[in-house]
Amino acid sequence: MLKLGGSVAFSVTREGFPITARLFRDCAAEFGLDLPDRMAALGDERRCEDVPAHTGFTLTRTVADDVTLPRSDVEQTWLIYRDSPHHPELRATSKRVRCPAMQWRP
């Protein structure tokens with residue numbers, strides 16, 4: 001519930017990140033699937049600052065920071081992205097599909 005004079009906060013991931021998501025989109029492209037970067041719409045400070053202005057809110061401050069995620073099994077990340085409800089076009093592919101680039105280890 002919003003109230004007059006209250007605050008709204010939101011957090012987004014920078015466009016092109018996390019790197020494993022970028023690798024995932026590159027791999028999907030190898031299978032003929034053009035997946036959009038879901039972070040693109042709000043993927044930088046300027047775009048995040050435009051949102052409040054276009055929706056009638058007053059921007060008080062923007063905080064840009066990095067979140068360091070733990071190293072994880074990139075192959076597992078591929079499977080998580082592949083089975084995600086955000087990518088229905090991939091659920092139609094074989095469950096056996098593997099992406100060689102996702103074998104990369106950071």
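Helices here are DSSP runs of H or I with at least four residues, numbered from the N terminus. The model on screen is predicted.

**Stop one: Asp44.** Select Asp44, which sits in the loop between α1 and α2 (45-54). Is Asp44 buried, exposed or partly exposed? Its relative accessibility is 21%, so Asp44 counts as partly exposed, given that buried means under 20% and exposed over 50%. Show the side chain of Asp44 and the backbone of Arg46: the Asp44 side chain reaches the backbone nitrogen of Arg46 at 3.2 Å. Thr13 and Asp44 lie 31 residues apart in sequence, and their C-alpha atoms are 8.2 Å apart in space.

**Stop two: the largest nonpolar core.** Select Ala21, Phe24, Ala28, Leu33, Leu35 and Tyr81, the 6 residues that make up the largest nonpolar core. Which helix supplies the largest share of this core? Colour α1, which contributes 3 residues.

**Stop three: the second largest pocket.** Helix α1 (residues 19-30) gives the most to the lining, with 3 residues. Colour the lining by class to see 7 nonpolar, 4 polar and 3 charged residues.

Notes
Residues are numbered from 1 along each chain as its sequence is written. This is a predicted model: local features need pLDDT of at least 70, side-chain atom pairs count only at pLDDT 80 or more; totals for chains, interfaces and linings use all residues. Side-chain values use heavy atoms; hydrogens and water are left out. Helices (H or I, at least four residues) and strands (E, at least two) are DSSP runs, numbered from the N terminus. Ala, Val, Leu, Ile, Met, Phe, Trp, Tyr, Cys and Pro count as nonpolar, Asp, Glu, Lys and Arg as charged, and the others, Gly among them, as polar. A nonpolar core is a set of buried Ala, Val, Leu, Ile, Met, Phe, Trp, Tyr and Cys residues joined through side-chain atoms within 4.5 Å. Buried means under 20% relative accessible area, exposed over 50%, partly exposed in between (1.4 Å probe, protein chains only). A polar contact is a pair of N or O atoms within 3.5 Å; within protein, one must be able to donate a hydrogen and the other to accept it, and residues adjacent in sequence count only if both atoms are side-chain atoms.
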